[in-house]
Structure formats: C-alpha cells, structure tokens
Amino acid sequence: MSTKKVISILLICCFLVSSVLVVGTSAANADASAWGFDATGTLTINAPSALVDYASPQDVPWNLFASLITTVSINPEISYIGAYSLNNLNATIEIENGNTEIAPHAFDNSGEKFVIISAFNSPVHTYAKENGLPFEGVAVVSGECGDNARWKIYSDGTLHILGSGPMTDYYRNPASTPWYSYTSTITKVLVDEGITFVSPYLEPIPR
C-alpha cells in the first residue's frame, strides 16, 4: 500500500474517531480560516484563496478526505471556482453567488449524488447545463408532490416539478395542489424527464 493511501486512511480514521474540525489558512492571512471541514461532512469555503486553480486534484488541500464530504458551502463573496478545486466529490455544492465564474475541470469525477444548487437561470445554471452537471435552483418556496416528486417555485415565476416517478393526481380537487396559493405568481412550468406522470390539472397555471 502506498504511503499516500496510508496517510489518507489514518486521516479519515482520526477524523471519525475524534470529530476534530479540519481547517486551512489563507495564504494572504495566516490567521484567517480559508476553509473548514466539520463532523457533519460540510466543507465550508470562506476565502477565494481556497478555490484557486490547482495543477491536479492531488494538490487540493481537502483531497485526502474528499469521500467524506457531503455538502460544500461557498461564501457568496467568492466569485471564482478554480480548476480541479472541487474534484472527486459526491456532494451537494451550494453556490449562493449565481454569477460565479467556474474554470474548466472544476468538478471532474463527480459522483452520482453530486448536485449544484444555485440561482435558477444564472451563469452557474448555464455552466451546469453546458457541462451536463446535475442542477437545482434555489427556491422561493418548495414542497412534495409525490412519493419521489418535489416542486419548487423560483424567483422568476417558474414552477419546477422535479424528482422521479409519478406526481400526485390533483384532478378531482384542483385546490389541493400545494402551490395553489402561489398560482398568481407562476409564469411557466418545468417538468423533469424523471417524472413519469403529470397530473391533468395544472390550471390556472399559465403554460
């Protein structure tokens, strides 16, 4: 077994046993925490110096415990995600700043649970679509509309039905739709391909 693998295993074991917070400092300010990783599996990026371009995934400071990361939260003041900086993750990536610039190879080798959450119809959303990356918009309001189906309303008035399988049939009681009180704000409907049944009743929603 290679030295690197041994170090990686030891680091993961120590983290699981002690739940110690792992932090990294900013090159610009040795006293500032540029990033942190806690016992919930959340990687918090606080400073731009943590998301610079890296030569390879192995150069990223949290690469050794990438498999433990379930959520990445990025400070909205950060406007650039560098090459290879968020590789090998199977996590939810929360990018509050929808205008963030993303370098090529920033999200290589992502897992099946990988998803980017950011502003709907933003540059980050465009990047995700162009690169075939899973994306969910930040909702004004949301809820469930089936066993594995959910709904979201975005700030531009889009009602998004997402998830998988059939949505609940509201045909016999239109007023029971969970978004009924928001229909005056809805301008269009977006239904994911994974939804196998769409209730015949979507009025009075414009379509």
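Reader: Okay, why is Thr158 called buried?

Author: This is a predicted model, to start with. Thr158 has a relative accessible area of 1%, and buried means under 20%, so Thr158 counts as buried.

Reader: What makes the pairing of the Thr158 and Asp156 side chains a polar contact?

Author: The two side chains come to 3.0 Å, and the cut-off is a pair of N or O atoms within 3.5 Å, one able to donate a hydrogen and the other to accept it. The pair therefore qualifies as a polar contact.

Reader: Which residues have the most contacts inside the largest nonpolar core?

Author: That core has 35 residues, and the ones with the most contacts inside it are Ile45, Trp62, Ile74, Leu86, Ile93, Phe107 and Ile116. Strands E2, E3, E4 and E6 and helix H2 each supply at least two of its residues. Another core lies apart from it, with twelve residues, including Cys145, Leu159, Trp179 and Ile195.

Reader: Which residues does Ile45 touch, not counting those up to four places away in sequence?

Author: Among them are Ala34, Trp35, Leu51, Trp62, Val72 and Ile74.

Reader: And how much of the protein chain is buried?

Author: Of its 207 residues, 41% count as buried.

Notes: Residues numbered from 1 in each chain as written. Predicted model: local features only at pLDDT ≥ 70, side-chain atom pairs only at ≥ 80, totals over all residues. Heavy atoms only, no water. Buried < 20%, exposed > 50% of the residue type's maximum accessible area, 1.4 Å probe, protein only. Core = buried A, V, L, I, M, F, W, Y, C linked by side-chain atoms within 4.5 Å. Helix = DSSP H or I, 4+ residues; strand = E, 2+ residues; numbered from the N terminus. Contact = heavy atoms within 4.5 Å.
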